[in-house]
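Q: I'd like to learn how to read salt bridges and helix packing in a model. Can you walk me through a case?

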Amino acid sequence: MYKSDEIIKALCRYFPERLSENIRRISSGDMESITEIRIRAGRPVCVTLWGESFFLEKSGGLSKASQNPVQTSFSEVNEILKSLCRYSLYSYSREISEGFITIESGIRAGLSGTASYGDGLKSMRYINGINFRIPREVKNCGEKIYNRLLKSNPCGIIICGSVASGKTTLLRDLCRLCGNRYIVSLIDERGELAGCRDGVPQNDVGINTDIFDGFERPDGILSAVRSMSPEIIFCDEISTEKDSQAMIKSAGCGVKFISTAHADSFENLVRRRYLYDLISSGIFEYAVIMSGSSEAGKIRDIRRIS
């Protein structure tokens with residue numbers, strides 16, 4: 001797991017000095033719990049501690065009621081963006097169009113702004129907000145699942161949970177554990193799992209794990225099967241019919257899948273047609289249901305899928 005001072009040191013390189021100074025004043029206890037820092041043009045800076053939001057005060061403390069908050073201007077937000085892009089917005093046009101940039105320590109900077117369409121392509125301009133999502137490697141949080149379901153042989157698992165329930169953190173640790181035993185391919189479309197920076201993973205995802213960074217899930221899945229002969233493929237956030245079709249096609253080659261999907265229960269999971277078809281195909285042998293954002297990281301149930 002990254003130390004809080006390493007994460008803050010990485011972040012502060014991109015912030016204006018006055019903002020960096022205020023962030024460095026956050027207490028060490030709160031620093032260890034930061035999961036997001038949201039910067040919005042003309043509005044207070046918000047800091048999230050495990051799902052609970054606070055305002056950053058000029059004193060360096062955090063408060064629920066905004067009293068004397070740190071605010072950022074539109075020009076400061078865009079200066080941060082330029083810094084994230086190493087002062088070459090053109091070089092990062094793809095990342096900007098997709099709405100996020102991955103930096104050191106696996107930190108993902110999500111972007112909000114004005115959409116711009118041209119020749120059918122989407123880009124983004126007038127960036128007015130940046131959300132820094134701090135990765136928290138919770139090593140061995142997947143040990144219970146690994147020992148119960150994966151230690152002897154690979155199997156298919158779908159992890160479902162609501163936003164901020166901890167499903168991605170669990171998936172990352174299972175990838176690490178499996179990647180130290182099996183041949184694994186990781187399809188990391190949004191850079192949240194391996195957190196690659198210039199091709200180098202910033203998170204520990206296992207010594208036998210081949211990383212397909214920035215690939216769209218269907219392309220990454222099919223490329224992995226063709227070129228890397230994985231025993232298990234890991235991918236986050238199954239969300240389209242194309243994802244489902246690529247997985248069904250690849251499962252015929254004998255590969256197992258461990259994936260996540262947005263759903264707060266198994267019943268809600270199978271209400272979506274593409275997920276129902278995927279589960280009905282027999283790819284997944286088990287469903288892991290997370291408790292929710294109020295109990296992030298806690299597993300509510302492990303269900304065998306008939």
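Predicted model: local features only at pLDDT ≥ 70, side-chain atom pairs only at ≥ 80, totals over all residues.

Q: Is D243 buried or exposed?

A: D243 is buried, at a relative accessible area of 3%. R217 counts as buried too, at 9%.

Q: Which salt bridge does R217 make with E189, and what does that pair tie together?

A: The N to O distance for R217 and E189 is 2.7 Å. E189 lies in the loop between β9 and β10, and R217 in α8, so this pair ties together parts 28 residues apart in sequence. E189 counts as partly exposed, with 24% relative accessibility.

Q: How do I describe the way two helices pack?

A: In general, you give the angle between the axes and the distance between them. Here, α8 (residues 217–228) and α9 (residues 241–251) pack at about 15°, with axes 8 Å apart. Angles under 35 degrees count as roughly parallel, and α8 and α9 are therefore roughly parallel to each other. Their crossing is left-handed.

Q: Which residues meet in the contact of α8 with α9?

A: From α8 you have R217, P218, I221, L222 and V225, and they meet K242, D243, A246, M247, K249 and S250 of α9. By class, that contact has six nonpolar, one polar and four charged residues.

Q: How many salt bridges does the structure hold?

A: It holds 20.

Methods. Residues numbered from 1 in each chain as written. Heavy atoms only, no water. Axes fitted to C-alpha atoms, helices over the stretch in contact; angles between N-to-C directions. Helix = DSSP H or I, 4+ residues; strand = E, 2+ residues; numbered from the N terminus. Parallel < 35°, antiparallel > 145°, perpendicular 65-115°, else oblique. Left-handed = near helix turned anticlockwise from the far one by under 90°. Contact = heavy atoms within 4.5 Å. Nonpolar A, V, L, I, M, F, W, Y, C, P; charged D, E, K, R; others polar. Salt bridge = Lys/Arg side-chain N within 4 Å of Asp/Glu carboxyl O. Buried < 20%, exposed > 50% of the residue type's maximum accessible area, 1.4 Å probe, protein only.
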